[in-house]
Amino acid sequence: MAGLRSLDLLAAIVIIGSLAGLAFVLREERIAGGAVAIDGDTLVMDGRRIRLRGMDAPELAQTCRRDAQVWRCGEEARAALRALIANRTVDCAPKGRDRYERVLAICGVDGTDVGAELVRRGLAVSFGAYLDEEREARAARRGVWAGPFETPQAWRRRHEGEGRT
């Protein structure tokens with residue numbers, strides 16, 4: 001009888017472990033479908049907020065300078081992301097969650113990594129990835145690199161509590 005209880009306990013542990021492993025795999029499953037760009041680095045897909053991983057785009061209200069002119073770099077980043085994903089299937093590989101519980105993911109459209117493309121265009125900065133794309137954008141003085149600008153992270157710190165996406 002004691003041996004049977006040990007086997008039951010062992011079976012229960014194996015089942016619980018398997019379910020926990022399955023939950024982890026399901027949580028990390030790819031997400032694909034139509035998406036809406038909320039800002040330059042956040043999508044909504046299938047009711048989930050997805051933050052593009054490895055890059056950081058200017059906030060919607062953020063402005064930058066180019067040729068001594070002020071331009072709405074945050075809005076331009078969102079417009080570029082919208083154009084990249086418009087009427088296409090977006091394929092995202094989740095890589096965890098951020099502190100706001102958004103899914104962190106690398107997302108692509110038709111084989112193009114949208115985060116890499118935004119950094120290459122100078123409409124986002126590297127944030128742990130896309131260093132080559134950022135070097136290319138800097139060298140070509142594309143987007144935010146065309147003039148002085150505040151990094152999105154510094155801009156957010158300075159405008160903390162003002163309500164943003």
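**View 1. Ile50 in strand 4 of the predicted model**. Ile50 lies within strand 4, which covers residues 48–52, and because its relative accessibility is 0%, Ile50 counts as buried. Apart from neighbours within four places in sequence, the residues in contact with Ile50 are Ile31, Asp41, Thr42, Leu43, Met45, Cys92, Val103, Ala105 and Cys107.

**View 2. The largest nonpolar core**. This core comprises 34 residues, of which Leu43, Ile50, Ile85, Val90, Cys107 and Leu118 touch the most other members. At least two core residues come from each of strand 3 (42–45), strand 4, helix 2 (73–85), strand 8 (90–97), strand 9 (103–109) and helix 3 (114–120), and helix 2 provides the largest share, with 6 residues. For Leu118, leaving aside neighbours within four places in sequence, the contacts are Gly40, Leu52, Met55, Ala77, Ala80, Leu81, Leu84, Leu123 and Ala124.

**View 3. Helix 2 and its buried face**. With 13 residues, helix 2 extends 18 Å from its first C-alpha to its last, which is close to the 18 Å expected at 1.5 Å a residue. Its buried residues are Cys73, Gly74, Ala77, Ala80, Leu81, Leu84 and Ile85; seen down the axis of helix 2, these buried residues fall within an arc of 125 degrees, so they line one face of the helix. An α-helix has 3.6 residues a turn, so residues three or four places apart point the same way. After helix 2 comes Asn87, which has a positive phi, near 55 degrees.

Definitions and conventions. Residues numbered from 1 in each chain as written. Predicted model: local features only at pLDDT ≥ 70, side-chain atom pairs only at ≥ 80, totals over all residues. Heavy atoms only, no water. Helix = DSSP H or I, 4+ residues; strand = E, 2+ residues; numbered from the N terminus. Buried < 20%, exposed > 50% of the residue type's maximum accessible area, 1.4 Å probe, protein only. Contact = heavy atoms within 4.5 Å. Core = buried A, V, L, I, M, F, W, Y, C linked by side-chain atoms within 4.5 Å. Expected span 1.5 Å × (residues − 1). Arc of directions from axis to C-beta.
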